Amino acid sequence: MSNYSYTAKDGSKVSVSIEHLDMALALKLELQKNSPSRICNWSRHKEMMEKEGFLDSDKNENYRQLVKRYQGQMASHSNIHEAVVFKDSGIKSVKSTVGEMAYEKRNAQNVLRELNSLKRQLIDKSLFFEEIRKEVRNVVGDIAPIRVGLDSRETSGRRLILAVTDWHIGAIVDTDNNTYDFETAVRCIDTLIKKTVERAHREGVSKVEVVYMGDMLEHLYMRASQGFGTEMTLSKQITKGAGLLIKLLKSIASSGFKVTYQGFAGNHDRIEGDKKKSVHNDNGMIMVNEIVKATVESEPDIEFIKCGGYSAQMLDVNGRNIKFVHGDMEKRADKSKLQKHSFNDDVSYDAIIMGHYHHYSVVEVAQDKFEVIVGSIKGSDEYSDSLGLSSSRSQLIIVVDEEGDMSFKKVRV
């Protein structure tokens, strides 16, 4: 009969065997070893004892002290007995319980890692947005619109659309065929303003409808080496791109035209570099558009139009329906793009306009229906050269006359 016992919660005295205490001590040590705090979880200890067939264990303080006293006695004799007991018994409960503990520990580590990652992202984004706020104050204050003088003109029912895309602000190009940087972008936009106003005057329109079609930014983190081919930080790309866009809109308006603007993102505009991790509609053009909207909302001759995150429509343009996309999701050789977009949107489109390829092209894919690729002010670079699509710097003017006839004007910049 064992002389080891403890008092249960109900006041009764419970005697336990040497085998019980050997198992209790072995499991206590194992639980302590697998705990970050090196403290035995006595609730878990009781569960493990019951798995081994010892139903007379407990988790109260009296039982704990009994096991601890026994541990002190064993320490004063030999550690061999403890090792033998653990080797010969306790295997079933230790395997399952320690496995569960290891899983929980690993899961906790993963959660902590994710929380730390999220914390870093929040800090990075807070710093990023603070940098943008500072840059906006600088850029918006520096915008000086160009006024192109015009003679008095008669207005017609013609519609003039300026399709702009692929400015890639922040990019640096230095190849045998082309060079590009922000100063070049500024000169290109100045040329685009003058030629647009001149064309609008010749066409006799009173309004210029501007659509930006993506890749305002060059970005910085899309590829591992991309930082070496950029001229400025992402926040500056956003604010300087917005500044150029505001200059374009204000200059056309100050030259005597009503102006509408809508714009959406391209693949270079996403905030997250890795497209597999990118959150839908988390892109730099949202910030560009917010800067533009806040700046021009007090301008009576400029109207900001909200469109989709990655496309825009212009319906019933003198009877014509036009869709604008960036082009990165389109297969260039696919001649059924117009048909597919018409089917998906339940709209009979007469033209699909896209950028992305930095190469001007107009293809009539059906009777009086067109697929048009708009050039880039960046011009040729290693990417376009590798595709055999080298092209001059250009943007696009679309004119739809009163009869619905469309013409596409390449604007060299």
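Strand β12 covers residues 361-366 and strand β13 residues 369-373; the two run antiparallel and are joined by five bridges. Two strands are taken to pair if DSSP finds at least two bridges between them. Two residues separate β12 and β13, which form a hairpin, and Asp-368 in the turn has a positive phi of about 60 degrees.

Helices and strands are DSSP runs numbered from the N terminus (helices are H or I, at least four residues; strands are E, at least two). Residues are numbered from 1 along each chain as its sequence is written, and side-chain values use heavy atoms, with hydrogens and water left out. As the model is predicted, local features need pLDDT of at least 70 and side-chain atom pairs count only at pLDDT 80 or more, while totals for chains, interfaces and linings use all residues.

## Overall make-up

The protein has ten helices and 15 strands. Of its 413 residues, 48% count as buried; buried means under 20% relative accessible area, exposed over 50%, and partly exposed in between (1.4 Å probe, protein chains only). Among contacts (heavy atoms within 4.5 Å) between residues at least 6 apart in sequence, 71% join residues at least 24 apart.

## Helix α9

Helix α9 spans residues 337-345, and its residues Lys-337, Leu-338, His-341 and Ser-342 are buried. Viewed down the axis of α9, the buried residues fall within an arc of 130 degrees, so they line one face of the helix. The arc is that of the directions from the helix axis to the C-beta atoms. Gln-339, Phe-343 and Asn-344, on the other side of α9, are exposed.

The cover over the buried residues of α9 includes β10 (320-325), β11 (351-354), β12 and β13. Asp-346 follows α9 and has a positive phi, near 55 degrees.

## Aromatic pairs

Rings of Phe, Tyr and Trp (its six-membered ring) pair if their centres lie within 6.5 Å; planes under 30 degrees apart count as stacked, over 60 as edge-to-face and the rest as tilted. By this rule there are six aromatic pairs. In one of them, Trp-167 and Tyr-212 have ring centres 5.2 Å apart and planes at 85 degrees, so the pair is edge-to-face. The pair links distant parts of the chain, 45 residues apart: Trp-167 is in the loop between β3 (159-164) and β4 (173-174), and Tyr-212 is in strand β6 (residues 207-213). Trp-167 and Tyr-212 are both buried.

Tyr-261 and Phe-304 form a tilted pair, at 5.9 Å centre to centre with 50 degrees between the planes. This pair also links distant parts of the chain, with Tyr-261 in strand β7 (residues 258-264) and Phe-304 in strand β8 (residues 302-304), 43 residues apart. Tyr-261 counts as buried because its relative accessibility is 1%, whereas Phe-304, with a relative accessible area of 24%, is partly exposed. Elsewhere, ring pairs link Tyr-6, Trp-42 and Tyr-63 into a cluster.

The charged end of Arg-332 sits over the ring of Tyr-357, 5.6 Å from the ring centre. A charge sits over a ring if NZ of Lys or CZ of Arg is within 6 Å of the ring centre and within 35 degrees of the ring normal.

His-268 lies in the loop between β7 and α8 (284-296). With a relative accessible area of 9%, His-268 is buried. Its side chain reaches the backbone oxygen of Glu-218 at 2.9 Å.  A polar contact is a pair of N or O atoms within 3.5 Å; within protein, one must be able to donate a hydrogen and the other to accept it, and residues adjacent in sequence count only if both atoms are side-chain atoms.
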